[in-house]
Amino acid sequence: RRCLSLGHILDKEGKKMSKSKGNVVNPWDHFNKEGADSIRWYMTTQSAPWSPTNFDSNGVRESYAKMFLTLWNVYRFHADYASLDGFDPEDQSRFVPPSDRSPLDRWILSKVTEMADEFHQNFVSWDFHKAGRGLEDFVVNDLSNWYVRRSRRRLWEESDSNDKRACQHTLHEVLLIVCRLMAPVSPFIPDSIHRGLTGTSVHLADWPVGSDFVVRSLPTRDLGIEQEMSLIRSLAEAGRRIRVESNRRQRLPCQTGWIVGGPDISRFNDILAEELNVEVLTTEADLDAFQKIVLEPNRKVLGAKCRSDLPSVLAQLDLADPEGLLLEIEAGIAALGGYEITMEDIEIRRVEKEGFAAQTLSFDEGDVSIVLDMHTDPALLSKGLARDITRRIQAKRKEMDLQVESLISLSVWVEGLTLENSDREYVITETRAGEHSFNEGKTPTDADTFEVDGTTVSFQIQ
């Protein structure tokens, strides 16, 4: 009943395209490179479609890489493991109902419903660009960067389990909803994925949000889980900032992390501990346990009081015990360099004790802090190095285009640090090394080599 037509298409500088200026874009160049879906998505989401559009080929490539490659990789991740495990979404005897799935599964199901309802409302009001941006944000940030990344290990299990099947069902259901929402804008890749998942065309499927004559097929929302996961992700991001500011690399674990304040989020402790890369995650009632008092001089007030003696008073302030001096100030008996010191003469700051780092987040419900123990020991250094070695080997596997289930023969040489036995086993298991050796023989000249904090690692795989 209604038809959407794009507005005028200009070049990337906002100028009218003409053959005489040489700024005409041949659409077939992009149909053949990035595909029609990417162009349709780009045209619909970069601005209100009926407005004049500056066509930038880089924007099309970004849509292709960010949206469509991400979606396709999520689909392949699901499809590859589903094929390996013989997963059948139609087998009701092995179906895991949402109520029996993990909080992580229930969270992504709740988020896809939130996104679908907003997508539908934006379509109804002709805000197609807002609808597309919301769906893209869900696919890239919620589905790929969080849910799939947090679920990989669940599908690596060799044995069958309820949790593994719950993850497969969840991915299957979410991908179907995403494809059905995308289909009016980008009809080809969602149809290919939908056919791979169900054997039928997405264009013959019902609209998941439902209508007067189509039954709604979206999962139930759980606002409590959404709020808790939002806090978890904020704390994880705060933990990454702590590491950056403390110059501690992400893969080097911390022995302990503490959550101070906020609601009970213990059901997501395992996820947050992995994101923060801490061996133990616990809660603490008071941030004071990790902080100390620092007394700074109020130079304007002290300068007027001490005048030429100010340098001597400042030197004594630097040497004084802050806790003891504060008690004396509060009792009215503090003196430095022969001058009475009052609360007006100082400024009080609280900072983290040596070996601890923290970030505090403010929410409507109050402040929540994350604290990390920044001390290191040989065991932590070994664990961190094992994770760096694993990442490099996995990247090499991908470069060699190896299948997920392919076994490799692995040789590793480490100079400068001794890997503990459990960390060697971690590398072997994570990289699927059927045959393996550590520090056997001389390092070949053609081995892949990298360095981490003064430790040199070389490896070869076949």
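Biologist: What makes S151 count as buried?

Modeller: S151 has 0% relative accessibility. Buried means under 20% relative accessible area, exposed over 50%, and partly exposed in between, with a 1.4 Å probe and protein chains only. Since 0% is under 20%, S151 is called buried. Before we go on: this is a predicted model, where local features need pLDDT of at least 70 and side-chain atom pairs count only at pLDDT 80 or more, while totals for chains, interfaces and linings use all residues. Residues are numbered from 1 along each chain as its sequence is written, and side-chain values use heavy atoms, with hydrogens and water left out.

Biologist: Thanks! Where is S151 found, and what is S151 in contact with?

Modeller: S151 is found in helix α5, residues 128-156. Helices (H or I, at least four residues) and strands (E, at least two) are DSSP runs, numbered from the N terminus. With neighbours within four places in sequence set aside, S151 is in contact (heavy atoms within 4.5 Å) with L104 and C167.

Biologist: Let's turn to cysteines. Is C3 buried or exposed, and what about C254?

Modeller: C3 is at 68% relative accessibility, so C3 counts as exposed. C254 is at 0%, so C254 counts as buried.

Biologist: On to α6. How do you know that the span of α6 agrees with its 21 residues?

Modeller: The expected span is 1.5 Å times one less than the number of residues. For the 21 residues of α6 that gives 30 Å, and the end C-alpha atoms are 30 Å apart, so the two agree.

Biologist: What makes α6 mostly covered?

Modeller: In α6, 17 of the 21 residues are buried.

Biologist: How do the axes of α6 and α7 cross?

Modeller: The axes of α6 (residues 162-182) and α7 (residues 189-198) come within 9 Å and cross at roughly 145 degrees. Axes are lines fitted to C-alpha atoms, for helices over the stretch in contact, and angles run from 0 to 180 degrees between N-to-C directions.

Biologist: Which residues make that contact?

Modeller: From α6 there are H172, L175, L176, C179, R180 and M182, and from α7 P190, I193, H194, L197 and T198. Seven of the contact residues are nonpolar, three polar and one charged. Ala, Val, Leu, Ile, Met, Phe, Trp, Tyr, Cys and Pro count as nonpolar, Asp, Glu, Lys and Arg as charged, and the others, Gly among them, as polar.

Biologist: Why is G196 called partly exposed?

Modeller: G196, found in helix α7, is at 48% relative accessibility, and so counts as partly exposed. The C-alpha atoms of G196 and A79 are separated by 8.3 Å, though these residues are 117 apart along the chain.

Biologist: And why is G224 called partly exposed?

Modeller: G224 is at 32%, so the label is partly exposed. G224 is placed in helix α8, residues 223-245.
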